[in-house]
Amino acid sequence: MNNKVSFNNWLTDLNAEQPFVIAGPCSAETPEQVLEIAHAIKGNVSVFRAGIWKPRTRPGGFEGVGAIGLKWLQQVKKETGMLLAIEVATAEHVRLALEYDIDVLWIGARTTVNPFAVQEIADALQNTHKVVLIKNPVNPDLSLWIGGVERLQNAGIKKLGLVHRGFSTYEKTNYRNVPEWQIAIDIKEKFPHIPLICDPSHITGNRNKVEEVAQQALDLHFDGLMIETHTHPDEAWSDAAQQVTPEQLLDIMGRLQIRDVNQTDHEFNIKLQTYRERIDKLDTSMLKILGERMLIVDEIGHIKREQNALVLQIERWREVLNKMKTEGSQFKLGEDFVTSLYKAIHQESIDRQDKIINKK
Ligand SMILES: C=C(O[C@@H]1C=C(C(=O)O)C=C[C@H]1O)C(=O)O
């Protein structure tokens with residue numbers, strides 16, 4: 001770790017070490033467990049997290065220890081001086097969190113999807129001086145995430161943060177929740193002064209991949225990380241596969257690189273500019289070619305209209321995609337990338353042809 005970047009907003013006042021890390025178990029399980037983990041990470045981590053109430057996909061699983069865990073967390077603060085972070089999902093959770101002087105309250109992904117629930121929490125938090133973090137909604141919906149922030153802002157909450165924990169998909173992927181980094185970049189652009197924290201534990205669902213995703217987040221100028229940590233991860237009562245041990249956490253933190261935001265090296269800047277000029281030229285050519293392709297698509301649209309032929313030609317579409325995936329590999333372009341690029345192109349083609357065919 002090197003190169004300090006300046007912290008955003010309330011993070012400046014925390015005087016935290018870099019990278020700013022919130023760590024602790026997925027769930028508080030017993031008083032001994034939280035204290036053991038807290039003592040193992042204190043001094044390296046600014047904020048201790050532990051789930052008290054756990055929203056689970058299906059009933060019957062461990063749903064958190066409940067309010068009793070808040071007493072254990074108070075003990076953690078007393079013994080280690082660490083700030084405390086928990087998830088809140090209802091007004092009652094908020095009331096208890098404030099009563100027990102929890103410092104950081106986060107709204108989980110399953111709550112952010114529901115504007116009623118976010119509003120209820122925002123109302124319960126009115127004008128609080130506590131830090132409130134809002135995780136992205138489970139589905140990749142930027143507006144829902146923005147809406148959540150706005151509800152909290154309207155409730156007079158000043159110390160806001162965003163947590164990117166990835167998005168669920170129906171398709172099986174290498175991630176538990178796909179990062180869709182572009183959405184995180186979009187929200188960062190929308191709220192440049194609100195600290196953005198990455199949760200690589202929920203993105204990966206796999207402790208062996210946490211470091212890679214954490215580094216990727218820092219390379220995208222995230223302000224901090226939330227990493228689930230447990231002294232006996234395999235025995236954890238929830239999310240066992242994604243929790244790291246305190247030793248692993250420290251190793252990861254020691255290896256993470258914080259890179260410079262602004263480079264002042266003259267030679268670097270000249271080189272960068274030269275490369276970017278080349279990219280600009282290629283971007284222009286790419287758009288020109290795409291525009292030409294769309295004009296041909298339009299021509300096909302006109303002859304389909306005359307013949308009353310279907311817009312979607314599934315065989316042809318399959319053929320195009322497969323051919324491009326193969327050709328893409330010759331240019332070292334990954335299948336996933338070529339597929340999403342061609343899906344976007346095909347979508348535009350069929351939209352245009354549909355307009356042409358249905359024009360009155
Ligand atoms: C252009 C056509 O219409 C649609 C668009 C395609 C494309 O963009 O390549 C392919 C198949 C069709 O679903 C076509 O039929 O060839």
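A crossing of two helices is right-handed if the near helix is turned clockwise from the far one by less than a right angle. The legends below describe a predicted model.

**View 1. Helices H6 and H7 cross in a right-handed sense.** H6 spans residues 115-125 and H7 spans residues 142-154. Angles under 35 degrees count as roughly parallel, so H6 and H7 are roughly parallel to each other. H6 contributes Pro115, Val118, Gln119 and Ala122 to the contact. H7 contributes Gly147, Gly148, Arg151 and Leu152. By class, four residues of this contact are nonpolar, three are polar and one is charged.

**View 2. Eight strands close into a barrel.** The order is E1-E2-E3-E4-E5-E6-E7-E8, and the pairing is parallel. Neighbouring strands are turned by 25° against each other on average, direction ignored. H7 packs on this sheet. It touches E4 (104-107), E5 (131-135) and E6 (160-164). The direction of H7 makes about 160° with that of E5.

**View 3. Strands E7 and E8 pair in the parallel sense.** E7 covers residues 196-198 and E8 covers residues 224-228. Two bridges join the pair. Cys198 stands opposite Leu225 of E8.

**View 4. Leu321 sits in helix H13.** This helix runs over residues 314-330. Leu321 has 17 other C-beta atoms within 10 Å, so it is partly exposed. Beyond its neighbours within four places in sequence, Leu321 contacts Thr339 and Tyr342. Lys343 is 22 residues from Leu321 in sequence. In space, the two are 8.3 Å apart, C-alpha to C-alpha.

Technical notes. Residues numbered from 1 in each chain as written. Predicted model: local features only at pLDDT ≥ 70, side-chain atom pairs only at ≥ 80, totals over all residues. Helix = DSSP H or I, 4+ residues; strand = E, 2+ residues; numbered from the N terminus. Buried ≥ 20, exposed ≤ 12 C-beta atoms within 10 Å, placed from the backbone. Contact = placed C-beta atoms within 7 Å. Axes fitted to C-alpha atoms, helices over the stretch in contact; angles between N-to-C directions. Parallel < 35°, antiparallel > 145°, perpendicular 65-115°, else oblique. Nonpolar A, V, L, I, M, F, W, Y, C, P; charged D, E, K, R; others polar. Pairing = 2+ DSSP bridges.
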